[in-house]
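Please keep the sequence and the 3D view beside you while reading.

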Amino acid sequence: MTQEMIEAGPVGGKVLSVFDFDGTLTRRDSFVPFLLFAFGKKQFAARVIRMMPSCIRYLGKGMSRDELKAVLIATFLTGVEEAWVKCKAAEFRRVFWVRLMRPSGLQSVAAEVASGAQVTICSASPRIVLMPFAEKLGIKLIATELEVVDGKLTGAISGSNCRCEMKVLRLEAVYGPLDKFRLRAWGDTRGDHELLAAAQEPHWRHFHPRWQRGRLKIEKIGARVKNNGAAQNSVTGVSTDTRAHDDQQGA
């Protein structure tokens, strides 16, 4: 089998179309605006102030992005009723759908569904927040899971933040080996590089304004993944170092 045949994917293989959410299908991040919407300006500001020491540590590179996200979730969602968050997420989707979603991204999702492909969002944002969006789109959702005990969020992530190599691992956990599919992937940040590197049809900032699309050419993404300089993951073969503060990292 030639390299060209490998890159083309299995003959007759089913198409798996995977979309990042924040910044790819949306015009901006969704999680922080959701927290502002759900808690209101006063509560939001008070909790952000509590996070300032962690934010300063992150800016000084004394804390990783995943660690800062864990602090954000713990600060806002510890002890909060799961049902309340679900209700607020549904309201958030109704209020923000038009201003948040990219029309070209919605058209692409609809086209993939109509083509018969298996279609999923794969996002670092919490699943509980994105579920109403996935339901409206009529597609599957793989995202960061939050721990729930007795109907309340504990403020902890269940498992790992769904970004970088974890996107590939989570897809494999749901769909099995990805090499049995022709994988199409859309992403826009460092957190999508491993996903894009695994795809036969990678799309970098495909729905962004044209001037933004060329900031990182798609052919460079595979090289960045292979040459990241950190220890490689034994399952995916990609770097486990997600602390680099490069070009608009994913959540």
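## A strand enclosed by the rest

Strand E2 (residues 118-126) is largely enclosed by the rest of the structure, because 8 of its 9 residues are buried. Here buried means under 20% relative accessible area, exposed means over 50%, and partly exposed lies in between, with a 1.4 Å probe and protein chains only. Helices (H or I, at least four residues) and strands (E, at least two) are DSSP runs, numbered from the N terminus.

This is a predicted model, in which local features need pLDDT of at least 70 and side-chain atom pairs count only at pLDDT 80 or more, while totals for chains, interfaces and linings use all residues. Residues are numbered from 1 along each chain as its sequence is written, and side-chain values use heavy atoms, with hydrogens and water left out.

## Partners of E2

Two strands are said to pair if DSSP finds at least two bridges between them. E2 pairs in the parallel sense with strand E1 (residues 15-19) over 4 bridges; within this pairing, Val-18 has Thr-120 of E2 as its bridge partner, and Phe-19 stands opposite Ile-121 in E2.

E2 also pairs in the parallel sense with strand E3 (residues 140-149), over 5 bridges, and Pro-126 stands opposite Thr-144 in E3. Between E2 and E3 the chain passes through helix H7 (residues 127-137), and this β-α-β crossover is right-handed, a term used if, with the strands pointing away from the viewer, the path from the first strand over the helix to the second runs clockwise.

## The covered strand E1

Which residues of E1 are buried on one side, and which on the other? Val-15, Ser-17 and Phe-19 are buried on one side, and Leu-16 and Val-18 are buried on the other, so that both faces of E1 are covered. In total, 5 of the 5 residues of E1 are buried.

E1 pairs in the parallel sense with strand E5 (residues 182-187) as well, over 5 bridges, and the bridge partner of Ser-17 in E5 is Arg-184.

## Two helix residues

Ser-108 sits in helix H6 (residues 103-114), and this residue counts as buried because its relative accessibility is 13%. Not counting residues up to four places away in sequence, Ser-108 touches Phe-19, Trp-186 and Phe-207, where contact means heavy atoms within 4.5 Å.

Arg-99 belongs to helix H5 (residues 82-100), and at 45% relative accessibility Arg-99 counts as partly exposed. Leaving aside neighbours within four places in sequence, Arg-99 is in contact with Arg-27 and Arg-28. The C-alpha atoms of Arg-99 and Thr-26 are separated by 8.8 Å, although these residues are 73 residues apart along the chain.

## The chain as a whole

The protein chain contains 11 helices and 6 strands, and buried residues make up 45% of its 251 residues. Among contacts between residues at least 6 apart in sequence, 66% join residues at least 24 apart.

## Confidence in the model

The predictor's confidence in each residue is given by pLDDT, from 0 to 100. The mean pLDDT of the protein chain is 88, and 85% of its residues reach 70 or more. Over residues 1-6, however, pLDDT stays under 50, and the model has 2 contacts beyond four places in sequence for them. Over residues 229-249 pLDDT likewise stays under 50, and for these the model has 56 such contacts beyond four places in sequence. Where pLDDT is low, the predicted coordinates should not be read in detail.
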